[in-house]
Amino acid sequence: MSKYQIDIPKNVMSKIEAEQIRMRPKWYFLLGTLAIFIALIGLVILSIFLISLITFSLRSHGPMGIVRYQQLISSFPWWAPIIVVIGLTMGIALLKKYDFSYKKNFLFIILVFIAAVLLAGVLVDILGFDMFWIKRGPMRRFYQQYDGNKQEWNNIIKNNGKGKRNFQ
Amino acid sequence: MKDLKKLKDEQIVELVRTKDKELYIEIVLRYQTKLLRYALYLIQDKTKAADAIQESFIKAFINLNSFDLKMKFSSWIYRIVHNQVMNIFNKNKKELPLLDTVDFDSGKNLELDLLNKETHEKVNKCVDQMPIMYSEPLLLYYFEEKSYEEISDILRLPVGTVGTRINRAKVIMKKICQSTK
């Protein structure tokens with residue numbers, strides 16, 4: 001029996017027996033972990049791709065750069081960062097609220113993740129993986145579009161200089 | 001029931017999760033006194049402390065499936081109580097004073113005093129005047145007899161920070177206790 005006015009064991013157990021409180025199922029906690037996991041994978045892919053694309057475009061920078069950047073932005077898969085943000089927010093909210101257990105410095109994890117992804121993105125560009133992506137892989141069409149437009153604009157400028165226009 | 005007493009916390013948790021949820025009473029009985037003492041040191045209000053502990057046991061039961069059996073149950077339940085107490089502080093918007101004017105120097109002599117049960121009451125009064133960021137690790141270490149590692153788990157702080165805060169807490173407490181003599 002508790003020393004204080006509240007009889008804690010009695011109160012807690014009566015709620016359990018009356019099923020006023022129930023244990024959350026395991027899948028509930030798995031869902032939170034899964035949401036974070038999927039969002040982080042999405043974040044990695046998206047960020048590596050984005051960083052490598054930026055460095056790729058900087059490296060192959062030429063005339064009409066602003067127009068090409070506008071094209072790049074207009075064809076950017078905006079759904080991807082939205083999913084990442086929703087997944088991360090939901091996952092962290094679920095785990096922060098219900099996973100009391102162990103030390104998880106979410107801010108630190110996210111910052112390290114971003115740093116790692118930035119590094120990976122630059123490495124992808126330096127090692128020439130973006131050239132591989134132009135030929136194959138899930139981002140092939142995006143890269144080809146960007147690369148194709150660049151060639152097209154180069155042709156326009158080249159031909160304008162000679163007083164001709166010749167689209168391929 | 002005799003066997004139940006011999007079981008570790010983690011083993012009982014597994015039984016509660018898989019076989020008989022009514023065995024949860026054993027967990028409540030094992031921890032209610034310790035947790036009440038801990039909450040009371042922090043809140044300084046018997047009714048509020050008891051409410052916080054009851055709410056913590058309910059939250060622990062609801063989220064029992066999120067507990068990792070490889071870890072220590074005591075750290076987990078203390079963490080829940082810590083969160084509950086922080087919620088009470090936030091609700092009441094109790095201001096936690098930061099003693100900027102306190103100098104930090106050696107406080108080794110205080111260690112012996114802390115271990116002496118006769119000084120507990122006096123210590124309790126001093127602890128109440130300390131900022132919670134220092135008093136909480138101190139209480140966990142000396143009164144609840146938690147290791148640095150366990151305190152680190154409960155408060156989600158690096159082990160080094162726990163050590164630093166305990167050392168500073170001893171110095172602050174020495175100053176407070178001396179000034180209130």
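This is a predicted model: local features need pLDDT of at least 70, side-chain atom pairs count only at pLDDT 80 or more; totals for chains, interfaces and linings use all residues.
Chain A contains 7 helices and 0 strands, and its order along the sequence reads α-α-α-α-α-α-α. Of its 168 residues, 18% are classed as buried.

Between the two chains, 24 residues of chain A are in contact with 31 residues of chain B. On the side of chain A that touches chain B, helix 1 (8–17) and helix 2 (26–59) of chain A each supply at least two residues. The largest share, 8 residues, comes from helix 1 of chain A. In terms of residue class, this side of chain A comprises 14 nonpolar, 4 polar and 6 charged residues.

Helix 1 of chain A meets helix 4 of chain B, and the axes of these two helices come within 10 Å and cross at roughly 35°. The crossing of helix 1 of chain A past helix 4 of chain B is right-handed. From helix 1 of chain A, the contact involves A:Ile8, A:Asn11, A:Val12, A:Lys15 and A:Ile16; from helix 4 of chain B, it involves B:Ala50, B:Ile53, B:Gln54, B:Phe57, B:Ile58 and B:Phe61. The residues of this contact are divided into 8 nonpolar, 2 polar and 1 charged.

Helix 4 of chain B spans residues 46–62, a run of 17 residues. From its first C-alpha to its last this helix reaches 24 Å, close to the 24 Å expected at 1.5 Å a residue. Its buried residues include B:Ala49, B:Ala50, B:Ala52, B:Ile53 and B:Gln54, and also B:Ser56, B:Phe57, B:Ala60 and B:Phe61. The buried residues of helix 4 of chain B pack against helix 1 of chain A and, within chain B, against helix 3 (24–43) and helix 5 (73–92).

Two further helix pairs were examined within chain B. Helix 2 (residues 9–18) and helix 3 of chain B pack at an angle of about 145°, and their axes are 8 Å apart. In this contact, B:Asp9, B:Ile12 and B:Val16 of helix 2 of chain B meet B:Tyr24, B:Glu26, B:Ile27 and B:Arg30 of helix 3 of chain B. The contact has 4 nonpolar, no polar and 3 charged residues.

Helix 9 (residues 148–155) and helix 10 (residues 159–179) of chain B pack at an angle of about 100°, with axes 9 Å apart. These two helices of chain B are therefore roughly perpendicular to each other. Helix 9 of chain B contributes B:Tyr148, B:Glu149, B:Ile151, B:Ser152 and B:Leu155 to the contact, whereas helix 10 of chain B contributes B:Val159, B:Val162 and B:Gly163. By class, the contact of helix 9 with helix 10 of chain B consists of 5 nonpolar, 2 polar and 1 charged residues.

Two loop residues remain to be described. Most residues other than glycine have a negative phi. In A:Glu19, however, phi is positive, near 60°. A:Glu19 is located in the loop between helix 1 and helix 2 of chain A, and A:Glu19 counts as exposed because it has 8 C-beta neighbours inside 10 Å. In B:Gln44, phi is likewise positive, near 65°. B:Gln44 is placed in the loop between helix 3 and helix 4 of chain B, and B:Gln44 counts as partly exposed because it has 13 C-beta neighbours inside 10 Å.

Terms used. Residues are numbered from 1 along each chain as its sequence is written. Chains are lettered from A and ligands numbered from 1 in the order in which they are written. Axes are lines fitted to C-alpha atoms, for helices over the stretch in contact, and angles run from 0 to 180 degrees between N-to-C directions. Helices (H or I, at least four residues) and strands (E, at least two) are DSSP runs, numbered from the N terminus. Angles under 35 degrees count as roughly parallel, over 145 as roughly antiparallel, 65 to 115 as roughly perpendicular and the rest as oblique. Two residues are in contact if their C-beta atoms, placed from the backbone, lie within 7 Å. Ala, Val, Leu, Ile, Met, Phe, Trp, Tyr, Cys and Pro count as nonpolar, Asp, Glu, Lys and Arg as charged, and the others, Gly among them, as polar. The expected span of a helix is 1.5 Å times one less than its number of residues. A residue is buried if 20 or more other C-beta atoms lie within 10 Å of its own, exposed if 12 or fewer, and partly exposed in between; C-beta atoms are placed from the backbone. A crossing is left-handed if the near helix is turned anticlockwise from the far one by less than a right angle, and right-handed if clockwise.
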